[in-house]
Amino acid sequence: MGNALYSRSVRVADQLQREIALLVVHEVADPRVGVVTVSGVDLSPDMGHARVLVTPGRDTDAQESVDALNRAAGFLRSRLGRRLRMRRVPRLVFEHDRTLEHALRIDALIDAASSRPAAGELC
């Protein structure tokens, strides 16, 4: 039973991610959202809440986008209810996905560390 529940929640999260991405592009008219990518959806175990991770484009203000999406969450939830066959559509909370930023920072730190001469090594 545990695996069936897990696979169902993964399938639901994937479907929510696809549908939310389409809705944001085609139906959210708020210009403050800008260009965003829906990079992931984390569902609560009871599937009542969904944390939607978004990655803003280069020229998009991340906090402004997240705020605008959170204001549009009720609208998006109602649209999802029409598009998906779910008994209950989860409550949506949008958050800035910082994974790419962290990866770039780690990459830069590795590059900086590897370009330094080792202790005791002559330049």
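# Salt bridges, sheet and pocket

Visitor: What relative accessible area does Arg 79 have?
Guide: The model is predicted. Buried would need under 20%, and exposed over 50%. Arg 79 falls in between and so counts as partly exposed, with a relative accessible area of 27%.

Visitor: Which side chain meets Arg 79 in a salt bridge at 3.0 Å, N to O?
Guide: Side chains of opposite charge can pair when their charged atoms come close. The cut-off here is a Lys or Arg nitrogen within 4 Å of an Asp or Glu carboxyl oxygen. At 3.0 Å, the partner of Arg 79 meets that cut-off, and it is Glu 27.

Visitor: How many residues apart are Glu 27 and Arg 79?
Guide: Their side chains meet in a salt bridge. Glu 27 sits in the loop between helix 1 (2–26) and strand 1 (36–43), while Arg 79 belongs to helix 3 (residues 73–83). The pair thus links distant parts of the chain, and the separation is 52 residues.

Visitor: What is the N to O distance between Glu 27 and Arg 83?
Guide: Glu 27 is partly exposed at 31% relative accessible area, and Arg 83 is partly exposed at 41%. Their side chains form a salt bridge, which has to lie within 4 Å. This one does, at 3.8 Å.

Visitor: Which residue does Asp 30 bridge to?
Guide: Asp 30 is partly exposed, at 21% relative accessible area. The closest N and O atoms are 2.6 Å apart, and the partner is Arg 32.

Visitor: Which residues do salt bridges with shared partners join into one network?
Guide: The structure holds six salt bridges. Glu 27 pairs with Arg 79 and also with Arg 83. Shared partners give one network of Glu 19, Glu 27, Arg 79 and Arg 83.

Visitor: Which strands are the edge strands of the sheet?
Guide: Three strands form an open sheet in the order 1-2-3, with mixed pairing. An edge strand pairs on one side only.

Visitor: Do strand 2 and strand 3 run parallel or antiparallel?
Guide: Strand 1 and strand 2 pair in the antiparallel sense over seven bridges, with Thr 37 opposite Thr 55. Strand 2 (residues 49–56) is joined to strand 3 by six bridges. In that pairing His 49 stands opposite Arg 91. Strand 2 and strand 3 run parallel.

Visitor: Which residue in the hairpin turn has a positive phi?
Guide: The hairpin is formed by strand 1 and strand 2. Five residues lie between the two strands. The phi in question is about 60 degrees, and the residue is Met 47.

Visitor: Which element gives the largest share of the lining of the second largest pocket?
Guide: This pocket has a volume of about 160 Å³. Its lining includes Thr 55, Pro 56, His 96 and Leu 104. Strand 2 and helix 4 (99–115) each supply at least two lining residues. The largest share, three residues, comes from helix 4.

Visitor: How many residues in the lining of the second largest pocket are charged?
Guide: Asp, Glu, Lys and Arg count as charged. Among the lining residues are Arg 58, Asp 97 and Glu 101. The lining also has three nonpolar and three polar residues, and the charged ones number three.

Methods
Residues numbered from 1 in each chain as written. Predicted model: local features only at pLDDT ≥ 70, side-chain atom pairs only at ≥ 80, totals over all residues. Heavy atoms only, no water. Helix = DSSP H or I, 4+ residues; strand = E, 2+ residues; numbered from the N terminus. Buried < 20%, exposed > 50% of the residue type's maximum accessible area, 1.4 Å probe, protein only. Pairing = 2+ DSSP bridges. 1 Å grid on protein atoms, 1.4 Å probe; cavity = no way out; pocket = protein on both sides within 12 Å on 5 of 7 lines; lining within 4 Å. Points joined across faces, edges and corners; volume = space filled by probe spheres on them.
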